[in-house]
Amino acid sequence: MKLRITVISALLSVTAMAHSQEPGPVISESSTLTIEQCRDLALNNNKNLRRGAMEVRAAGYQKDEAFAAYLPSIDFAGGYMYNQKQLSMFDSDQLLPIKTFNLEKQGYEFNLVKNPMTGEPVTVNGQPVPEQVAYLPKEALTYDIHNVFFGAVTLTQPIFMGGKIVAMNKITGYAEELAKSKLNNSARDVVYAVDAAYWQVVSLKAKQTLAQSYVNLLDTLSHHVALMIREGVATKSDQLTVDVKLNSARIDLTKVDNGLVLSRMALAQLCGLPIDTQFTLADEGAENITAPVVNGDDPIDMQAVYDRRYDLRQLELGVKIYEQKANVARSEMMPNLALVGAYSFSNPNLYDGFKKRFNGQFSVGAMLTIPIWHWGGNYNKYRAAKAQTEAMRMELENARELIDLQVRQASYKSDEALRTRRMTEINLAKADENLHSADVGFSNGVMTLDNVMEAQTAWLKAHSEDIDARIDVYLCDVYLSKVLGTLDYSVPSTSR
């Protein structure tokens, strides 16, 4: 029986989805939620969407960080150092020879001690002895550097970095768009899941009413058979047959009741509500579920579909990101030029004979780095990035083909759901008429109990298939909107 199969499948699927949830917005027991309200609750409370919104903000900050590389950077570095020993220019006192000017030779000469007998310079250990010397004590060139304070303020302005800065700015810009596309795609998935759960509840509510009606039919039939047994026109075997059928219907009703409870819990979880929240849906009490009008004959502009599909947009951005990564890898093989300025200071300082006071100087220069030979490492890195770009481009083309197939399948399935709904409406009318004829015939004694039970089973099947067909039209319509990229929704705020 299709009703029983549907209920069992609903129990299995919904039980897997249902789990505890943190408290959410307060919903009163008399609240009636429309499908739009369920969507809004899910979009505002879904933690994955909130995380996606934070990822969009993070991508925006990274974009600002990359832009800052265009601007000059100013840094300060300072420190303190204790040295155990002092700094001395000599290891001992020094005696320096003195030169005097020789008028005859027009130049300076050392005054040397000469032997009065020979007139030759006197030597000691093979070295001539100066007549006069300048005395330099060691202490005069000894400096106290026990406590040294130093610092520098530097300014660096990139001039040419091989295109790396431009590429990184493009990468972070694409990354921000990618984060937004992921957020929008996740929002569509949430809306689709909410719609599916919403119509699951509506379907099971309708089947609950149907199952209760079927139980009432069998209960009435059981009562009539009991009266017929008293009149002697029916047997206990007939009564047992009806009672077995009645018990089976009651079991199916219990399963539908449980499935409805679990489906409602699953919808509450998707909406960010506590799973025990009591609420009703705007469409679940309707006697007849009016299916939407879907026109599957309109031509589909696939290019417009490509433009609206965020998952395809993510792949397109991926291709662009890998292209810029290749540019970054190429920049490693190009010269880098930067302008550098600095003001450095220290205490003791080198500019005043190591006096214990701060003093410093400005300096300006340029720094050029030219890669010469890295054994093909940078070039292979560039080739790997180009290969990854081509792989991503192939994945993009494959995704477009899959989207073509997905759109066609969704369109055909939507058309099939419409045709099935029309057929179930015809079958429903026939099943109602057949049941009415069987009841009248059984009352007049021209039809047997088996005929009535067969008519009731056919009536149940027709009504169950009609409910499934109408709900399927809704689900196919939502799925078609999803694959076409026309599903309406609003994502959480990503403003910083």
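Two strands are taken to pair if DSSP finds at least two bridges between them, and strands (E, at least two residues) and helices (H or I, at least four) are DSSP runs numbered from the N terminus. The model is predicted, so to speak of local features a pLDDT of at least 70 is needed, side-chain atom pairs count only at pLDDT 80 or more, and totals for chains, interfaces and linings use all residues. Residues are numbered from 1 along each chain as its sequence is written, and side-chain values use heavy atoms, with hydrogens and water left out.

Strand S11 (residues 147–160) runs antiparallel to strand S2 (residues 73–82), with 10 bridges joining them; here Ile74 has Leu155 of S11 as its bridge partner. S11 is also joined to strand S13 (residues 336–347), again antiparallel, by 11 bridges. In this pairing Phe149 stands opposite Asn347 of S13.

Asn347 itself is buried, at 12% relative accessibility (buried means under 20%, exposed over 50%, partly exposed in between; 1.4 Å probe, protein chains only). Its side chain reaches the backbone nitrogen of Arg357 at 3.0 Å.

Turning to charged pairs, the structure holds 21 salt bridges (a side-chain nitrogen of Lys or Arg within 4 Å of a carboxyl oxygen of Asp or Glu). One of them pairs Arg313 with Glu177, the closest N and O atoms being 2.6 Å apart. This pair links distant parts of the chain, with Arg313 in helix H7 (residues 310–331) and Glu177 in helix H4 (residues 164–231), 136 residues apart. Arg313 is partly exposed at 25%, as is Glu177 at 33%.

Terms used:
Polar contact = N/O pair within 3.5 Å; in protein donor to acceptor, adjacent residues only side chain to side chain.
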